[in-house]
Amino acid sequence: MSECEAQSLPTEMTAARVEAHGHLDALKLRTIAVPHPGPGEVLVSVRAAGLNHLDLWVRKGVPGHTFPLPLTPGCDGAGVVIALGPGTRRAKIGDEVIIAPGLSCGVCAACVRGNDPLCTQYGILGETRDGTCAEYVLVPEANLLPRPSQVPWPLAGCFALVSLTAWTMLVDRARLQPGETILVLAGGSGVGSLAIQIGRYIGCRVIATAGGSEKCARLRTLGADETIDHNTEGISERVLELTDQQGVNVVFEHVGEATWDESLRSLAWGGRLVTCGATTGAKATIQLRRLFFKSQSILGSTMGPRGNLHTLVKLLDRGILTPQLSETLPLRDLREAHRKLEAREVFGKVAVIP
Ligand SMILES: [Zn+2]
């Protein structure tokens with residue numbers, strides 16, 4: 001970066017900060033110094049940041065886990081490159097980008113194989129270093145993806161984490177095949193609504209759950225063939241009815257304790273259950289006899305190879321995958337955005353604009 005460019009950069013910015021874990025008031029808006037890009041890094045002016053359940057954990061804290069506080073939360077975002085660190089090779093000032101949330105060393109065996117979530121130094125923006133809920137964010141150049149020009153900023157800013165998670169679960173981990181049937185739990189969530197669209201794109205029959213007839217109707221517009229209202233219907237009972245008592249080939253889980261048993265009961269012989277989360281609790285039991293007799297698989301998945309995002313951005317560009325954006329709020333209303341996400345008042349995503 002030349003001295004001239006350095007002088008034209010802002011020196012201070014507004015950023016959300018978690019200084020100590022807690023309730024909504026643990027989110028503070030602070031004026032802090034704008035960081036300078038180090039080797040291989042770029043500074044992005046954030047146009048929109050997408051919230052995820054991870055933001056809630058960063059704010060509340062996780063027993064037994066240490067976050068590097070104080071920390072700016074926010075894993076997802078999109079914006080414009082405004083400064084380049086030494087040694088950057090592809091990025092240019094003015095590039096409009098979507099930010100990939102995963103961080104890894106780039107040189108270990110897992111990274112070289114393209115399986116960066118298995119890197120021992122794997123981290124996520126807004127969890128292990130300052131994230132996107134700020135006017136500016138520093139990211140490695142390798143985390144930049146081109147923003148399709150017709151995709152509005154708030155949609156671009158909340159696409160990466162959910163699409164990467166859902167795609168990796170279904171395509172890489174569960175090896176979902178055309179013609180199979182999948183059950184998507186909580187289809188109205190950020191990750192669930194992407195899973196419905198991916199299942200449909202691959203050519204599967206998609207059964208999805210949600211609470212209430214209104215949400216169920218929205219899931220059908222996203223591509224769900226059948227919906228189950230979990231407020232009034234038993235999930236596995238209804239799945240077995242819909243599948244001629246066979247069950248589904250793949251269960252897309254992220255709810256955890258509240259649905260785990262119903263999810264397992266919905267699984268066909270040879271079925272695969274893939275999970276990326278436990279928003280209602282992490283304790284679960286498994287009937288081992290059922291598991292081995294039926295040759296079933298239980299698969300864990302976190303995030304996904306960064307390379308998958310280059311495919312996913314093309315599907316975003318073509319309108320095949322679209323994040324469901326429920327609301328866009330100014331960054332100063334971040335507490336309200338957290339509250340809505342935590343109270344499950346939203347369908348899909350919430351974005352904030354710095
Ligand atoms: Zn690595």
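Contact here means heavy atoms within 4.5 Å. The views below all come from a predicted model.

View 1. The chain splits into domain 1 (3-159 + 323-353) and domain 2 (163-300). At the meeting place, 9 residues of domain 1 touch 12 residues of domain 2, counting as in contact. Together the domains bury about 1000 Å², with carbon and sulfur atoms giving 59% of that area. On the domain 1 side, Phe159, Gln324 and Phe347 lose the most area to domain 2, together 55% of what that side buries.

**View 2. Four cysteines hold a zinc ion.** The zinc ion's protein donors are the SG atoms of Cys105, Cys108, Cys111 and Cys119, sitting 2.2 to 2.4 Å from it. Along the sequence, these donor residues follow the spacing C-x2-C-x2-C-x7-C. The 4 donor atoms subtend angles of 106 to 115° around the zinc ion, so the arrangement is tetrahedral. Cys111 counts as buried because its relative accessibility is 12%, and Cys119, at 5%, counts as buried too.

**View 3. Helix α8 and its buried face.** Helix α8 covers residues 235-242, and Ile235, Ser236, Val239 and Leu242 are buried in it. Looking down the axis of α8, the buried residues fall within an arc of 125°, so they line one face of the helix. An α-helix has 3.6 residues a turn, so residues three or four places apart point the same way. Among the elements covering the buried residues of α8 are strands β10 (181-184), β11 (205-210), β12 (226-229) and β13 (248-253), along with helix α9 (260-265). After α8 comes Asp244, which has a positive phi, near 55°.

Technical notes:
Residues numbered from 1 in each chain as written. Predicted model: local features only at pLDDT ≥ 70, side-chain atom pairs only at ≥ 80, totals over all residues. Heavy atoms only, no water. Buried < 20%, exposed > 50% of the residue type's maximum accessible area, 1.4 Å probe, protein only. Helix = DSSP H or I, 4+ residues; strand = E, 2+ residues; numbered from the N terminus. Arc of directions from axis to C-beta. Donors = N, O, S within 2.8 Å, 3.2 Å for Na, K, Ca; no water. Tetrahedral: all angles 85-135°; square planar, octahedral: opposite > 155°, others 65-115°. Domains from an automatic or database assignment. Buried area = accessible area lost by both parts, 1.4 Å probe.
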